[in-house]
Amino acid sequence: MEAIANPRITCAYLNSYVGKNVIVVGKVIQLRGDEALIDADGNITAHLNREAHLSAGNGVQIIGKVNPDLSIKVLSSLDLGTSVDYNLANSVVEISHQHRSLFSYD
């Protein structure tokens, strides 16, 4: 079976991945029922699944599908706690997009 790679993105890349699965690392700004507002170099609305156990102020990694309204339907999530280097996470996104040939996204 061939491995499938999901691209790491920030808010700025949402338009390019509508209908596709992505990975986002960001900070949980607000929780509203089954939605979360995630700061990933810009605000993203995440529609949470029942397994999501997030805390406001903590970092999160989400894997999900980008909706046409540029929100994300969360397939899985991981609470990363409070010690997240968001600059590093954003740098990984930028490098992976600058050197796409090194990553198997397509």
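User: What do β3 and β4 form, and how many residues lie between them?

Analyst: Strands here are DSSP runs (E, at least two residues; helices are H or I, at least four), numbered from the N terminus. Two strands pair if DSSP finds at least two bridges between them. β3 and β4 form a hairpin with 3 residues between them. Asp 41 in the turn has a positive phi of about 60°. The strands run antiparallel, joined by 5 bridges. Glu 35 has His 47 as its bridge partner in β4. This is a predicted model: local features need pLDDT of at least 70, side-chain atom pairs 80 or more, while totals for chains, interfaces and linings use all residues. Numbering starts from 1 along each chain as its sequence is written, and side-chain values use heavy atoms, without hydrogens and water.

User: Which side chains of β4 are buried?

Analyst: In a regular strand the side chains alternate between the two faces of the sheet. Buried means under 20% relative accessible area, exposed over 50%, partly exposed in between (1.4 Å probe, protein chains only). In β4, Ile 44 and Ala 46 point to one face and are buried.

User: Which strand runs parallel to β4?

Analyst: β6 (residues 72-81), through 2 bridges. There, Ile 72 is the bridge partner of Ala 46. Contact means heavy atoms within 4.5 Å. Beyond four places in sequence, Ile 72 touches residues including Val 22, Ile 44 and Ile 62.

User: Where does His 97 lie, and is His 97 buried or exposed?

Analyst: His 97 lies in helix α1 (residues 86-98). His 97 is buried, because its relative accessible area is 13%.
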